Amino acid sequence: MRELIMMFSSIPFLYYFLPAVLFAYFAIPWIVRKITGAESSPANLISLRNAILLTASVIFYAWGGAIFLLLIFGLTVNSWLWGLLIDWFHNKDNPKSAKVALIISIVTGLSGLAYFKYTDFFLTQINWLTPLDIPLTGVIVPIGISFYTFQILSYNIDLYRRDVAVQKSVFRLATYITLFPQLVAGPIVRYSDIEPALHERKVTFENFSSGLSRFTVGLGKKVIIGNTLGEMLHVVESSGEKSVLSFLLLTAGFALQIYFDFSGYSDMAIGLGRVFGFKIIENFNYPYISKSVTEFWRRWHISLGLWLRDYVYIPLGGNRKRQWLNILVVWTLIGFLQGAAWNFILWGLYFVVVLLIEKNILRKYLRFDDWHKIARHIYTLTLILCSFMLFRSNNIFESESLYGQFSLYYLQSYAVLLLICVIGATKLPKRAFNRFLKPFPLAEPMLVALCLIISTAFLVDGTFNPFIYFRF
């Protein structure tokens with residue numbers, strides 16, 4: 001049975017799909033010259049390359065079944081039509097009608113996300129609170145629906161704010177929304193960031209080589225480290241031991257796994273975007289070196305944080321008025337966006353409490369910024385690890401002992417892996433590379449090639465290869 005999505009970390013993608021797309025994308029000038037006998041104009045070349053990317057994105061998303069293509073293209077056309085109407089009202093100097101069009105575009109744009117991701121959750125709550133027994137829909141949540149919904153909304157909102165010009169070509173808008181490097185798990189790319197490149201972009205050897213290097217490093221983070229951590233979690237959990245040590249292993253392992261898994265995917269998306277001439281926003285900036293929870297969330301899933309800041313938090317009043325209420329709204333949304341389950345909502349509310357205490361008590365009355373950096377770092381990691389306990393499971397932890405024979409054995413077995421992961425989540429590897437290896441011209445390409453070879457060997461040998469953030 002095929003996977004529901006063509007994974008970046010899969011043999012079909014790495015050795016069939018991606019090489020075919022790269023060949024078509026970079027060979028198109030030569031192909032046009034062979035067919036027409038003339039050079040293609042820059043504008044025509046961009047249009048042809050956009051068409052190649054759109055076609056590749058359709059194939060990529062349809063890999064596990066084409067049914068959800070109807071949804072993504074339906075939402076795209078919906079956004080495009082309302083965008084045209086918003087622009088028309090602006091040109092007619094009719095801001096009230098433009099605002100109505102924006103509101104309708106937001107409501108209809110959110111309809112797919114609301115139905116597929118949350119219908120059964122709300123039906124379950126209704127059945128629990130009332131004598132009703134409404135059948136659940138059992139619908140499958142389309143991969144990436146949260147990410148491309150946010151991208152669609154950003155286009156219409158920015159258009160209403162007059163931050164971008166209307167996109168009259170539905171095919172260009174579809175190229176932006178379905179761009180396969182970031183389609184299914186982000187980073188969330190705003191239309192304003194990518195719009196210039198849809199019309200004019202340069203493809204250089206420097207971007208190509210650095211983009212492939214970034215992609216390969218992300219692949220290694222996901223396959224070599226993330227997948228191995230996932231196997232560790234499976235082994236520890238399968239032991240059935242209920243000890244404090246086993247629970248700490250599971251929590252720390254999951255915190256590291258989701259980082260290497262998700263940041264690895266982001267690295268791959270950013271690298272592929274660079275290869276094709278697009279600049280995709282950074283999504284992670286060493287979050288585990290943070291010295292406050294506020295700083296942690298400036299470094300983790302950056303594109304989501306910036307999106308909610310600019311489109312939800314600041315419009316509600318930001319820090320100027322009702323800060324506590326604005327934080328409550330934003331973090332309830334963040335929790336709910338992770339998945340339709342109460343543990344995610346409670347996880348969001350957990351950070352409401354933590355951030356309000358940090359901003360209004362620790363900083364104001366306990367001189368938090370003057371604490372020693374080690375103390376602040378321990379404080380931050382403790383609270384983040386506690387949050388992952390809530391994030392990972394619906395079940396309440398029940399301990400039968402401090403440790404057991406299984407947890408001690410697994411701690412010894414995976415100690416080196418965990419140490420490597422802890423070091424790898426800091427800036428130390430990058431600093432070591434820049435100091436000792438970067439001066440040698442062949443060092444980087446050799447390491448990248450080695451990373452690709454080892455990752456391929458892991459993929460050929462292994463069976464555990466999900467992107468765990470897909471389910472959120």
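User: How much of the protein counts as buried?
Analyst: Of its 472 residues, 50% count as buried, meaning under 20% relative accessible area, with exposed over 50% and partly exposed in between (1.4 Å probe, protein chains only). This is a predicted model, where local features need pLDDT of at least 70 and side-chain atom pairs count only at pLDDT 80 or more, while totals for chains, interfaces and linings use all residues. Residues are numbered from 1 along each chain as its sequence is written, and side-chain values use heavy atoms, leaving out hydrogens and water.

User: Thanks! How many helices and strands are there?
Analyst: The protein has 17 helices and 0 strands; these are DSSP runs, numbered from the N terminus, with helices being H or I of at least four residues and strands E of at least two.

User: And what box do the C-alpha atoms fill?
Analyst: Roughly 75 × 60 × 50 Å, taken along the principal axes.

User: New topic: which residues form the nonpolar patch on the surface?
Analyst: Phe436, Leu437, Phe440, Leu447, Leu450, Ile454 and Phe458, with about 640 Å² of accessible area together. Areas come from the Shrake-Rupley method with a 1.4 Å probe, and for residues only the protein chains shown count as cover. Patch residues have over 30% relative accessible area and no salt bridge; nonpolar side chains (Val, Leu, Ile, Met, Phe, Trp, Tyr) are joined within 5 Å, like charges within 9 Å. A salt bridge is a side-chain nitrogen of Lys or Arg within 4 Å of a carboxyl oxygen of Asp or Glu.

User: Which helix gives the most?
Analyst: α17, with 4 residues. Both α16 (428–437) and α17 (443–461) supply at least two.

User: Where does Phe440 lie?
Analyst: Phe440 is in the loop between α16 and α17, and this residue is exposed, with a relative accessible area of 52%.
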